[in-house]
Amino acid sequence: MGENAQMGEGLHEIDDESPEGLYAFLAEREWGDGLPVVAPTEERVGVMLAGLDPDEVLAVLPPRGGSATRRAVAVNAVMAGCPPEVFPVVATAVRALGEQRLNLRGVNATTHPVAPLVIVHGDAVEEMGFNAEVGAFGPGNRANATVGRAVRLVLLHVAGARPGPGDAATQGQPSKYAYCTAENRAADPWEPYHHSVGVDAPSAVTVHCGENPHNFHDMESDDIERILDKAASAMATFGVNNACISGGEWFIGLCPEHAATADAAGWTRDDVSAYLFEHARLPAREFRRQFDLLAWAPWMSDAADDELLPMTEEVGNIRVFVTGGAGKHSCVIPSWGMTRSVTLALEP
Amino acid sequence: MSTTIHDPAGPLAEGAVQLVPAAPALVGGSIGVLDNGKPNARLLLTRAAEGLAARIGGEVVRVTGKSGRSGGAANNAATACESQVLESLSKEVRIVLTGSAD
């Protein structure tokens, strides 16, 4: 590759658009996620923008204080390989990242491996080609893979969340490459997740900053309590931040068959949350033995040593959605802790 | 043939904060400690502040958490410092030690 030239603000002229040449160009500037990218040419970015205002600021992202303009987000969506029709999901997820309650500064600054999980809800799942069925957390589907990757590239480039100076995660986790799934409406016995949190729109996007999914399986039961006891056991551990930060949420990704078992027993989504709140518990004494610093709600701090305490301070922090296909594997997704999930109506 | 591509980082937001240049010399003055909530940060930072004060002829005049209150989630390492704490520190001291890590 020969010399590349900066052509003024926001544009570069490169003389080698091959994967190798582009990779070298990015590496020189400490850009990219380590994988080959699609060149963000003016033509491709123009198609991604679809005639909307390129200078609209969707969010301001720390720690760099980067302005996530629609153009900057579109550039990263092109690089990630997004088909243009999924761009509204990327844009909505970026808006969510900018919400104060999500605490992106902390998400990027922490040594915890936290990654933002993007969950797509509603009509957009089918219309845009997201996979909410077998293998919903990936790989193998372009929409899931590239939306998750685009969000990460926005974090790397616009937010400046490069490992080290901008992302202090001690070990990181694989979901920092791409972390996107979709709600399986066809198999969901309850109202859409986004309706349950007050977002009355045909489609929506949730961002939850947490760990990789922790699997639990139950192949045998037609007893929802026996199934959820396994979820509770996966939650009741001192190895997650939810143990020492009581304000953290849990996302419970039920597979369709486990959700159907709950529904057949007459259980609602809230019943599932309530069961886990009551059964994912450990003695206060053990929490105190394990941690010197406990960011707990006052009522938990006042508990006697023998009292069994939940893995989060209120039942509403246990959030249930349905994803995946055939087979009896579900998951729990712990939180980083000092963050709140954000669900927004899908917007262009 | 050359190709024009867009910059993926985009512009900085208006008012984005950058680090100030390092002070050329530390001589005298009041020193504060802002405990960032990491385990033993207050102990470590206070000892470091006392050592610094002895070297430069300064004085440790304030040790505080991020909320100005003891305990609870408000002083957790993952939360931002309350603005009134920053404002009062900026008035009371010339140097602040903060931010021990894991």
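In the predicted model, the axes of H2(A) and H3(A) cross at roughly 115° and come within 9 Å. This angle makes H2(A) roughly perpendicular to H3(A). The crossing, in which H2(A) passes H3(A), is right-handed. On the H2(A) side the contact is formed by Arg44(A), Val45(A), Met48(A) and Leu49(A), which meet Arg70(A), Arg71(A), Ala74(A), Val75(A), Ala77(A) and Val78(A) of H3(A). By class, the residues of this contact comprise 7 nonpolar and 3 charged, with no polar residues.

Helix H3, which spans residues 70-80 of chain A, also packs against helix H4, residues 87-97 of chain A, at an angle of about 125° and with the axes 10 Å apart. H3(A) and H4(A) are therefore oblique to each other. H3(A) passes H4(A) in a crossing of right-handed sense. From H3(A), the residues Arg70(A), Val73(A), Ala74(A) and Ala77(A) meet Phe87(A), Val90(A), Val94(A) and Arg95(A) of H4(A). The contact of H3(A) with H4(A) divides into 6 nonpolar and 2 charged residues, and no polar residues are present in it. Arg70(A), Ala74(A) and Ala77(A) are among the H3(A) residues that meet H4(A), and these residues are also among those that meet H2(A).

A further packing partner of H3(A) is helix H7, residues 142-157 of chain A; the two helices pack at an angle of about 130°, with their axes 8 Å apart. The angle makes H3(A) oblique to H7(A). The handedness of the crossing of H3(A) and H7(A) is right-handed. The composition of the contact of H3(A) with H7(A) is 7 nonpolar, 3 polar and 1 charged residues.

Several backbone features of chain A lie in loops. The peptide bond from Pro62(A) to Pro63(A) is cis, with omega near 10°, and Pro63(A) is located in the loop between strand E3 (57-61) and strand E4 (66-69) of chain A. A cis peptide bond is also present from Gly138(A) to Pro139(A), with omega near 5°. Pro139(A) lies in the loop that runs between helix H6 (123-127) and H7 of chain A. Glu30(A), although not a glycine, has a positive phi of about 60°. The position of Glu30(A) is in the loop between helix H1 (19-28) and helix H2 (42-49) of chain A.

Between chain B and chain A, about 2500 Å² is buried, with 61% of this area on carbon and sulfur atoms. In chain B, the residues that lose the most area to chain A are Ile5(B), His6(B) and Pro8(B), which together account for 31% of what the chain B side buries. The contact takes in 23 residues from chain B and 38 residues from chain A. Across the interface of chain B and chain A, 0 salt bridges are found.

Definitions and conventions: Residues numbered from 1 in each chain as written. Chains lettered and ligands numbered in written order. Predicted model: local features only at pLDDT ≥ 70, side-chain atom pairs only at ≥ 80, totals over all residues. Heavy atoms only, no water. Axes fitted to C-alpha atoms, helices over the stretch in contact; angles between N-to-C directions. Helix = DSSP H or I, 4+ residues; strand = E, 2+ residues; numbered from the N terminus. Parallel < 35°, antiparallel > 145°, perpendicular 65-115°, else oblique. Left-handed = near helix turned anticlockwise from the far one by under 90°. Nonpolar A, V, L, I, M, F, W, Y, C, P; charged D, E, K, R; others polar. Contact = heavy atoms within 4.5 Å. Buried area = accessible area lost by both parts, 1.4 Å probe. Salt bridge = Lys/Arg side-chain N within 4 Å of Asp/Glu carboxyl O.
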